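Here is a short tour to read with the model open beside you. Let's start with a pair of helices and go on to some rings.

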Amino acid sequence: MRAVQVQEYGGPEVLRTVETEVPEPGPGQVSVDVAYTGVNFADLKARGEGYRVPSLPFVPGLEVSGQVRALGEGVSDVEVGQEVAALTNGGAYADVVVADATTVFPLPSGVDLRTAATLPTVLPTAYALVHAVGRLQPGETVLVQGAAGGVGTAVGQLAKAAGASGVFGVVSGAAKAKYALDHGYDDVFVAPSTNSTASTNSTNSTASTVSAGFVDEVRAATGGRGVDLALDPVGGETFRASLASLAVFGRLVSFGNASSAEPWRVGQPELYPTGLSVSGFSILTLAQTAPGALRALTEKAFAAVAEGVVSLPVTAEFPLEEAAEAHRLMGGRTSTGKLLLRVA
């Protein structure tokens, strides 16, 4: 079978299509004939700096849609030939991938394979940020970094459906601002991106992150109050600015570190004066530590798609062999919505 493999860390050019053995599912696992694979920023960090990579060589990719190929021992929730979406622990840039049965989900009625490939990471993450972790209440306001990306696109719609009185986004350019305004946002602030080296272990790899010059605009848009909930996948300076954008009793959820900055730390000096709280979320970690909770979360998120509450546009699609081009587009920070690899 074909697989896109990384044999050394570096830029998009290190992604190479190779022929390899078809993986077989072990106990509690399912193999899937892949139709589409989602491209995520975590894939770029894995390729460039080894994020969540156990060893080289490796095949990136965290989410797929396709048909069940084979069942491992003890699996009875899905059937061979059934159309599914799956969250994987890597290996999804390939014709066949193996996933734990707990992260393989039958497609909701009316959802096709192309749409399904956009769902496994982005939609449960967005749903958790708005509901399970962020606990957004009707009448509250929310600030979202990366409002034009996959998670940001879904969060804008989910927050509006949850009754938010103000949904504010931060993006790196005017074209992205227009896109975000079309997907649930009431106001979008343009903070130009700045490039910083992603890791001393990466080659030709930079993390382009949105500068943190949005606090004054957030305060002005909320009458000086700030927002009730801020969602940050960037870290570093942007994390600090998001914290500074909160209202009294505000909540900040960190769900990534695109800047590759030092891990954030907050304590009494930042939190006590206005009763702030900070929490974190990682869907990949949740899949390992609480798969039952992840499954319940995902079922709710998929239902929101089936009911038309939220949609995630596919804005670019590449053949599997052109995975490097997908990485170049996403790494250039000009893409919006969701990027896919077409496999089958």
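## Two crossing helices

Helix α1 (residues 41–49) and helix α11 (residues 323–331) have axes that come within 10 Å and cross at roughly 105 degrees, so the two are roughly perpendicular (a word used for 65 to 115 degrees). Helices here are DSSP runs of H or I with at least four residues, and strands are E runs of at least two, numbered from the N terminus. Axes are lines fitted to C-alpha atoms, for helices over the stretch in contact, with angles from 0 to 180 degrees between N-to-C directions.

On the α1 side, Phe41, Asp43, Leu44 and Arg47 meet His327, Met330 and Gly331 of α11 (contact means heavy atoms within 4.5 Å). Phe41 also has the charged end of Arg333 over its ring, 5.0 Å from the centre (CZ of Arg within 6 Å of the ring centre and within 35 degrees of the ring normal).

## Stacked rings

This is a predicted model: local features need pLDDT of at least 70, side-chain atom pairs need 80 or more, and totals for chains, interfaces and linings use all residues. Residues are numbered from 1 along each chain as its sequence is written, and side-chain values use heavy atoms, without hydrogens or water.

Phe168 and Phe189 are stacked, because their ring centres are 6.1 Å apart and their planes at 20 degrees (pairs have centres within 6.5 Å, and stacked planes are under 30 degrees apart). Phe168 is buried at 8% relative accessibility (buried is under 20% relative accessible area, with a 1.4 Å probe and protein chains only), and Phe189 is buried at 4%.

Notes
Angles under 35 degrees count as roughly parallel, over 145 as roughly antiparallel, 65 to 115 as roughly perpendicular and the rest as oblique. Rings of Phe, Tyr and Trp (its six-membered ring) pair if their centres lie within 6.5 Å; planes under 30 degrees apart count as stacked, over 60 as edge-to-face and the rest as tilted. Buried means under 20% relative accessible area, exposed over 50%, partly exposed in between (1.4 Å probe, protein chains only).
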